[in-house]
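Hi,

Here is the structure I promised to pass on. Have a look at it first, and then read my notes below.

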Amino acid sequence: MRTVDGLPLSRRLLTWGVELRGIHPVAVEDRTETQYSKIFFIWLSANTNILSFSAGTLGPVTFGLGLRDSCLVILFFNLLCAIPPAYFSTWGPRLGMRQMCASRYTFGYYGVMVPSLLSLMGGVGFCILNSILGGQSLASVGNFTWTVGIVIIAVISLFISFCGLKVLSWYERLAWIPVVIVFLVATGVGGKHLVDTPPIAPATASQILTFGATIAGFTITYSPFGSDYTAYFHPKVSARRIFFYSYMGFLIPIVTLQCLGAAVAISAPSVPEWDAGYAGGNVGGLVNAMLHPTGGFGKFLMVLLSLSVTANIAPTIYSMCLGCQTFIPPLVVVPRYVFSLLATALVIPLSIVGQHKFYTTLSNFLGVIGYWAGAYVAALLVEHLYFRKGDFAEYDVRHWNVPSKLPLGAAALGASALSFAVVIPSMDQVWYTGPIARTAGDIGFEVAFAITAVLYVPLRTLEKRYRGV
């Protein structure tokens with residue numbers, strides 16, 4: 001066993017404040033955290049970054065929407081899609097369990113491996129997008145390539161996620177501040193150039209719903225991470241309080257920055273400097289062009305903006321560490337921080353490979369990732385609200401790792417899989433447009449949620465009769 005100053009490595013890391021706990025439930029007596037605003041700042045900082053800004057640019061750039069339509073889609077879809085992750089954040093104090101571990105009570109011990117894998121894939125995808133954006137932004141003010149910028153961003157994020165929730169919570173409490181300053185300065189300097197250029201043609205239902213599916217994919221996919229950051233909270237805290245903190249932590253930065261991104265993208269063609277910076281879909285170059293009038297101070301602000309993505313990558317990697325242990329249960333004996341190293345080693349090369357296809361990657365990824373999340377959310381909500389009557393006493397935490405005492409998971413997986421018989425024809429992607437989507441637009445996310453919820457009731461009833469759990 002490796003030792004440091006005569007102590008085992010894991011114990012030495014523990015004395016340095018590194019969190020070792022993985023998906024093991026937090027005992028009631030250990031749920032002592034009372035600074036409940038931490039969850040607000042985690043979600044706030046995770047979404048106060050250039051990725052939120054860039055997602056808003058997709059409305060006019062990819063889907064041809066005007067500013068009003070883009071902002072209305074951003075507002076209403078986020079009002080809806082922020083509800084599930086905010087609600088699941090309230091589960092942590094009651095159960096002391098991380099989100100994917102709590103999902104075993106719906107998907108089963110083995111069945112949860114499927115949403116765990118999909119969640120890991122989604123986490124890797126978001127880390128790649130953020131690393132590319134951060135690398136672009138950092139390289140735009142330095143004499144080095146995007147690749148070097150990506151590596152710098154990933155290594156900083158690794159350090160934060162490696163240390164665990166205490167360091168992560170401290171960092172997220174502060175990380176949003178410089179980013180807000182950057183966007184305030186950029187808007188103040190470039191605000192005179194913002195114009196509401198009318199779209200070439202009125203928005204169609206297909207355009208609106210397909211952009212809405214992209215926005216849904218941005219927000220609702222936080223649901224598999226919901227209780228990861230609240231498991232140490234005191235169990236007596238008001239659920240409404242945690243929900244409010246979480247909901248506002250999502251809405252405030254996402255809606256604001258996505259609407260700003262839409263406004264800037266619409267205005268960029270009429271400002272030569274912005275248009276040149278935006279060439280090739282370089283969002284970092286666009287913001288750098290906005291800040292160009294501020295001279296050297298603008299370059300300093302761009303460095304701060306590029307580092308903002310670490311506030312999203314770090315908690316994502318933290319949750320991916322936990323997802324690894326539900327995906328492959330024997331790995332529960334491996335310290336959590338080991339997976340931070342593995343995740344970073346995976347994200348860096350994938351980000352480097354995909355760095356020059358950012359916009360294609362972003363629109364395709366966000367559009368697809370929301371489908372499975374819709375099914376996942378529906379299954380958990382029906383299980384909790386209908387079959388367990390919303391009572392957390394119905395979850396026997398002692399059985400978190402006992403397969404025979406947990407649901408089989410066939411109902412959840414079956415309902416989710418069957419929903420895709422209608423989801424696929426309802427998809428509208430660059431590489432495929434289903435027959436339903438051709439007339440109605442992309443309604444795959446909505447269909448996945450609705451059909452999974454409907455099918456889960458009879459399938460789970462049969463499962464309980466057969467399984468008894």
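What percentage of the 469 residues of the protein chain count as buried? The value is 58%, where buried means under 20% relative accessible area, exposed means over 50%, and partly exposed lies in between (1.4 Å probe, protein chains only).

Before you go on, please keep in mind that this is a predicted model, so to speak with its own ground rules: local features need pLDDT of at least 70, side-chain atom pairs count only at pLDDT 80 or more, and totals for chains, interfaces and linings use all residues. Residues are numbered from 1 along each chain as its sequence is written, and side-chain values use heavy atoms, with hydrogens and water left out.

Now the whole chain. It has 22 helices and 4 strands; these are DSSP runs (H or I with at least four residues for helices, E with at least two for strands), numbered from the N terminus. The C-alpha atoms fill a box of roughly 65 × 65 × 40 Å along the principal axes. A compact globule of 469 residues would have a radius of gyration near 23 Å, and the chain's 22 Å agrees with that. The radius is taken over C-alpha atoms, and the globule rule is 2.2 Å times the number of residues to the power 0.38. Among contacts with a separation of 6 or more, 85% join residues 24 or more positions apart; contact means heavy atoms within 4.5 Å.

Next, two helix pairs. Packed helices are described by the angle between their axes and the distance between the axes. The axes are lines fitted to C-alpha atoms, for helices over the stretch in contact, and angles run from 0 to 180 degrees between N-to-C directions.

Helix α10 (residues 146-163) packs against helix α17 (residues 310-327) at about 50°, with the axes 8 Å apart. That makes α10 oblique to α17 (under 35 degrees is roughly parallel, over 145 roughly antiparallel, 65 to 115 roughly perpendicular, and the rest oblique).

Among the residues making the contact are Phe 41 and Ile 42 of α2, and Arg 173 and Trp 176 of α11.

- Helix α15 (residues 283-291) is mostly covered, with 9 of its 9 residues buried.
- Ala 375 sits in helix α19 and counts as buried at 1% relative accessibility. Leaving aside neighbours within four places in sequence, Ala 375 touches Ser 416, Ser 419, Ala 448, Phe 449 and Thr 452.
- Lys 389 lies in the loop between α19 (358-387) and α20 (410-423). Lys 389 has a positive phi of about 55° although it is not a glycine, and at 65% relative accessibility it counts as exposed.

Cheers
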